[in-house]
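These are my notebook entries on one protein chain.

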Amino acid sequence: APGSDLRMQVYYDRTRRLGEQYREGRHTLDADALHTLAIGSNTLRWGFGARWSPGTFIQTIPTLEFPPNEQTARVFSAFAQDEVSVLTDRVRLVIGAKAEHNRYTGWELQPAGRVIWRPGERQALWGAASRAIRIPSRLDRDLRLTGNAAASPPTFVRIAGTANFDTEKLVAWEGGYRRLLGQRLYVDMAA
């Protein structure tokens, strides 16, 4: 429809790793959808995503393990963002959030907000605040690595992931300035 755009993407990936320390087979199916709708001075974007990725770890040396050997990663997400023109395209406000569900920590929320001020046709100032995450991986949670630290007396070291490994969180504050110097040349400064 006029003022509306719908995009969908699906991909499949098959991976086989044949390393000296371990072998892994993995299948990944990923689907994403994005709907953009312009309503007056607002541009609303919303969508969802899903990833299904079963993998099999094949132990090749007795000191490296990832129990259980077979595991399926599932990630589901949904997001919404509203971009509003506040002062006749001089000031734009962008507010949104993404909610993501993973097997390790459940639901995680990632909100973001941005304001963009265009004092003239060739320049823009912006500021933003957002929260981002990195979910734990199998390496963080499931790794079991045993090594010989000394022969006499026999000393062994074991590195092990933990179920207590939590999501890494980042709250970011950003600001920047952009200036158009020529028809195809911008200069950006950001902090």
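Before reading any sheet, I noted that two strands pair if DSSP finds at least two bridges between them. Helices (H or I, at least four residues) and strands (E, at least two) are DSSP runs, numbered from the N terminus.

Entry 1, basis. The model is predicted: local features need pLDDT of at least 70, side-chain atom pairs count only at pLDDT 80 or more, and totals for chains, interfaces and linings use all residues. Residues are numbered from 1 along each chain as its sequence is written, and side-chain values use heavy atoms, with hydrogens and water left out.

I found 1 helix and 12 strands in the protein chain. Read from the N terminus, the order is β-β-β-β-β-β-β-β-α-β-β-β-β. The radius of gyration is 23 Å, well over the 16 Å that the globule rule gives for 191 residues, so the chain is more spread out than a compact globule. That radius is taken over C-alpha atoms, and the rule is 2.2 Å times the number of residues to the power 0.38. The C-alpha trace spans about 75 × 40 × 35 Å along its principal axes.

The chain exposes about 12,900 Å², of which carbon and sulfur atoms supply 59%. These areas come from the Shrake-Rupley method with a 1.4 Å probe; for residues, only the protein chains shown count as cover. Among contacts (heavy atoms within 4.5 Å) between residues at least 6 apart in sequence, 48% join residues at least 24 apart.

I read the order E4-E9-E10 for an open sheet of 3 strands with antiparallel pairing. Its edge strands, each pairing on one side only, are E4 (64–65) and E10 (155–160). Strand E9 (residues 144–150) is joined to E10 by 6 bridges, and glycine 147 stands opposite valine 157 in E10.

I followed E2 (residues 22–39) into E3 and found 16 bridges in the antiparallel sense. In their hairpin, which has 2 residues between the strands, glycine 40 takes a positive phi near 60 degrees. E3 also runs antiparallel to E5 (residues 70–85), with 15 bridges. Leucine 44 has aspartate 82 in E5 as its bridge partner.

Is threonine 43 buried or exposed? Threonine 43 lies in E3 (residues 42–59) and is buried, because its relative accessible area is 17%. Alanine 38 stands opposite threonine 43. Not counting residues up to four places away in sequence, threonine 43 touches Thr36, Leu37, Ala38, Gln81, Asp82, Glu83 and Arg92.

I recorded 12 bridges between E6 (residues 91–102) and E7 (residues 106–120), in the antiparallel sense. A hairpin of 3 residues links E6 to E7, and glycine 96 has alanine 112 in E7 as its bridge partner. E7 then runs antiparallel to E8 (residues 123–134) over 7 bridges. The hairpin from E7 to E8 has 2 residues, and arginine 114 is partnered by alanine 128 in E8.

Key. Buried < 20%, exposed > 50% of the residue type's maximum accessible area, 1.4 Å probe, protein only.
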